[in-house]
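Please read the numbered points with the sequence and the model at hand.

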Amino acid sequence: MDAVDKKILMLLQQNAKQNTKEIADKIGLTVSPTFERIKKLEQQNYIKGYVALLNEEMINKTIKVYCHITLATHSRELIDNFKNNIAHLPEIMSCQHLSGNYDFLLKVAVSDMTQYQQFVLDKLSVIKGISNVQSSFVLEEIKNDTAYAL
């Protein structure tokens, strides 16, 4: 990946709806080599996909919660069980396996406290092996970039 590829990736992160001609104009190439570079970046998995970023207020997902999860033990069985159980829960926006005081960090998006309570009671608390859930509610989002600096 060279400097031109990095420029293309930065432009696509800012606005994936740009057409190839717009990108070509911004990087100083013609449309054909720009198109080929984008296809190559897609084939090499630098670009995993294209998405629309939604307005949380418009879709009523204004409550964001970070859940720090501790498992009872660090057995392969409990870790795999936890991963399999949370993978399909639509309220969970992201899940990271951590080192340190907690085993996992979940980012949860819901519409209100009642929905979060139901999520914890009906979906999270029934997962075998969880010994502790600590919830931190987002009061204000200061920064939430989706683009990586290249």
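**Note on the predicted model**

1. Thr70 is found in strand E1, which covers residues 63–71. The model under review is a predicted one. Thr70 has a relative accessible area of 18%, and because buried means under 20%, Thr70 is classed as buried.

2. The surroundings of Thr70 deserve a look. Leaving aside residues up to four places away in sequence, Thr70 touches Asn101, Tyr102 and Asp103, and also Gly129, Ile130, Ser131 and Asn132.

3. One of these partners, Asp103, may be taken next. Asp103 is placed in the loop between E2 and E3. With a relative accessibility of 8%, Asp103 counts as buried.

4. Asp103 and Ile8, by contrast, are 36 Å apart in space from C-alpha to C-alpha, with a sequence separation of 95 residues.

5. The next point concerns helix packing. Two packed helices are described by the angle between their axes and the distance between the axes. For helix H2 (residues 20–27) and helix H3 (residues 31–43), the angle is about 105° and the axes are 9 Å apart. H2 is therefore roughly perpendicular to H3.

6. Which residues meet where H2 packs on H3? From H2 come Thr20, Lys21, Ile23, Ala24 and Ile27, and from H3 come Val31, Thr34, Phe35 and Ile38. By class, the residues of this contact are six nonpolar, two polar and one charged.

7. Rolling a probe the size of a water molecule over the atoms shows where empty space is left. In this model, the largest pocket holds about 1500 Å³ of space. Its lining consists of 34 residues, and those nearest the centre of the pocket are Val51, Ala52, Leu53, Asp145 and Thr146.

8. Which element gives the most to the lining of the largest pocket? Helix H1 does, with four residues. H1 (3–14), E1, strand E2 (92–97) and strand E3 (104–110) each supply at least two residues of the lining. E1 is also the strand in which Thr70 is found.

9. As to residue classes, the lining of the largest pocket has 17 nonpolar, 10 charged and seven polar residues.

Definitions and conventions
Residues numbered from 1 in each chain as written. Predicted model: local features only at pLDDT ≥ 70, side-chain atom pairs only at ≥ 80, totals over all residues. Heavy atoms only, no water. Buried < 20%, exposed > 50% of the residue type's maximum accessible area, 1.4 Å probe, protein only. Contact = heavy atoms within 4.5 Å. Axes fitted to C-alpha atoms, helices over the stretch in contact; angles between N-to-C directions. Parallel < 35°, antiparallel > 145°, perpendicular 65-115°, else oblique. Nonpolar A, V, L, I, M, F, W, Y, C, P; charged D, E, K, R; others polar. 1 Å grid on protein atoms, 1.4 Å probe; cavity = no way out; pocket = protein on both sides within 12 Å on 5 of 7 lines; lining within 4 Å. Points joined across faces, edges and corners; volume = space filled by probe spheres on them.
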